Amino acid sequence: MRFFVLLSVLGVALQLPVVTAQDGSLSGPTSSSSAAGYSCDTSQCQLPSCNCASTSPPGGLSPSDVPQFVVFTADDAIQSYTIDSVNQFLAQRKNPNGCPIKMTYFTSLNYTNYTLVTDWYVAGNEIADHTMTHVGSPPAEEINGNLIALNALAGIPLNAIQGFRAPYLNYTAQTLQLLADVDFTYDSSSASSIPVTDPGTDAYWPYTLDYGLANDCLTVEGICKGQPKIPGLWEIPMYAFFDDLGVDGPHLMDPWLDTANGASTVNDTVTFEYMKNTFTDHYTGNRQPIGLYTHPIHLSTTYPGVDPPNSTIKMINEFLDWAQEQQDVWIVSNEQLLAWVQNPVPVSELDSFEPLKCPTPQVDPSLKICNGIPQNEAGLLDECDFSDFPFFTCYGCPQVEVSPSNPNPPQQVPAGQQMRYRVPANCSTPFWDPVAGSCLCQSSDCAFADNSRPIGPNGANLTGGGTGGDGDSDFGGTPTPTYVNFNGANPVKLWSGSIVGVMSALAVGMFGAAAGWVLVNI
C-alpha cells in the first residue's frame, strides 16, 4: 500500500515556520504543562493502537516490573567508518537474554554506501528515514524519496522503514502529517527537555497523536493543545540528560560534545557523572527510557585525518558497562522499544517476548548470493562510481545519481551483464538473489534459528558488560512469474519485502572496515 500512496504525495513542497535546532542541541525547556494543554481520554485511548502521553509505565505496570530501556540511535550517512563507530560500543555487548544489541540508524543518503545499509539491516538493526539530503522541515519528496531509494538500492522492504527523525530535529505539524500520509509508524524528532524528577516533566513514554503532541510546545508552531490530531502515529520523545544545572542544563544529541555545569570546556568525567545521575533518576523513578542519540562520525576512529576521541569513547563504554550492571537493563532500537510499549509485559516474561529475540537467517555460507551477508556477497557487489559519492549495491547501479525528484533512476546494465532484480514482497532480504531473481526460502518460517536463551534469575544481565575493545522508467525487466507483484498490481520498478532476522553485527562492522569503502567528509 505504501508505494502507491507515495506516488500521490511525492513532490509536495512545504515551507512553514519552524524553530531550528543545531544538530539536536538544547539550551533549556522546549515545553511546559500550560503550553502543552494536553488532555487524553484513557477510556477511549487504549493499547496497542493508542496511548496517552504519560509519565507512568504503559499497561498499568509497576515500575519495578518494567525494564529500563536504553535506546541507541545513529543519524546521517552509513559508511564503513560510521559502522565502525557504532560497533565499538555495541558489537560485543549482549542483552539479558543473550541476544546481540540492535539499534536504529536514521539514514540520509548523501555519502551513504547502500550495501552497508543492506548489511546493517540483515544484521537485525532498524533502518529509519532521515530524508534524502538532510534538510530540516522536509518536503514530501525528501521523506518519500528516501523510502524509495533505500528500497531500490539497499533492498530494505518498504514496510520495514517505519520510523523518521527530522534533520536538526527541525519539523512542523505538517511534517508529522506527511509521515502519516505514507504510513509511517512513528516519529522521533521531539525532545523530552525537563528532568523526570521535576513535577512538570515532559519525559513521557511513547504515545500516539490521537490527542495531539505534548512535547516541544514552546518551540514548534501549530502543535500542542490538542494539535495535530493524527490517530495512530506514535511519537517517541528523545530523552535528554541533565547536568548539575538541572532543567537549565539539558544535553540531548551527542551530549559528550557539550560543556556542562556552565564550564567553558568539555570534560568527559563530568559528562560521565551527569549521564549516570540522569540514568539513575529514570531507573529509580517510572523507568522512562533513556537514549544515546549519536552522530557516529564524531566518535570515529577510522575516519582519515581525524584524531580519534579515545577518552570520550572510553567514557561512553564505561557508562554502558555501568548501566548493564544494573538489573533489567536492555539496550534496544526504537522499533523494539515501541513493540514493548504497544504490548507491555513484565520483566519476568521478557524471555518469551518475540521482538527482543534474535532469530538468524540460516544461509549456506558457501553460496554466492548478494544478500547482505558478507561471506555470501563477497565479489558480487556492483560499484557505482559517481564522482560526488561512489557507493556499492547488490541491486544494480542507477544510470544517474538518486535525487528527491528522481529517487529510483533506471538501472545501468554494463555490457555483458544482466539487470539485477529488486527484493519482492514475498522473499526476505537475506534469501533473495538479485542476480538470479530467485528466492532461497519458500516459506515464511524456514531457515531461521532462535539464538536467544532464558533470562537469568531476577532479570540479571548474565552476559552483558565488556567494553567492546580498548577504549522509469522500469529497470528493464520483470520478476520471475512465481513472485507476486507488490499489492497485486502490474509490474513496477519498486518492490516490498518482509522483515528478517539477525546475524552478528560484529561481522558486518569488520567487513565494512576491511573493505575500506568510500571515505567522504559528511
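Visitor: What should I know about the model before I start?
Guide: It's predicted, so local features need pLDDT of at least 70 and side-chain atom pairs count only at pLDDT 80 or more, while totals for chains, interfaces and linings use all residues. Residues are numbered from 1 along each chain as its sequence is written, and side-chain values use heavy atoms, with hydrogens and water left out.

Visitor: What is a disulfide, and how many does the count come to here?
Guide: In general, a disulfide is a covalent bond between the sulfur atoms of two cysteines. The working rule is a pair of cysteine sulfur atoms within 2.5 Å, and by that rule the count comes to 6. One of them joins Cys45 to Cys50, S to S 1.9 Å; with -100° about the S-S bond, that link is left-handed.

Visitor: Is Cys45 buried or exposed?
Guide: Buried means under 20% relative accessible area, exposed over 50%, partly exposed in between (1.4 Å probe, protein chains only). Cys45 counts as buried because its relative accessibility is 6%. Cys50 is buried too, at 5%.

Visitor: Which residues does Asn51 touch?
Guide: Contact means heavy atoms within 4.5 Å. Not counting residues up to four places away in sequence, Asn51 touches Cys45, Pro206, Tyr207, Thr208, Trp234 and Val341. With a relative accessible area of 12%, Asn51 is buried.

Visitor: Where does the side chain of Asn51 find a polar atom of Pro206?
Guide: At the backbone oxygen of Pro206, which lies 2.9 Å from a polar atom of the Asn51 side chain.

Note on methods: Polar contact = N/O pair within 3.5 Å; in protein donor to acceptor, adjacent residues only side chain to side chain.
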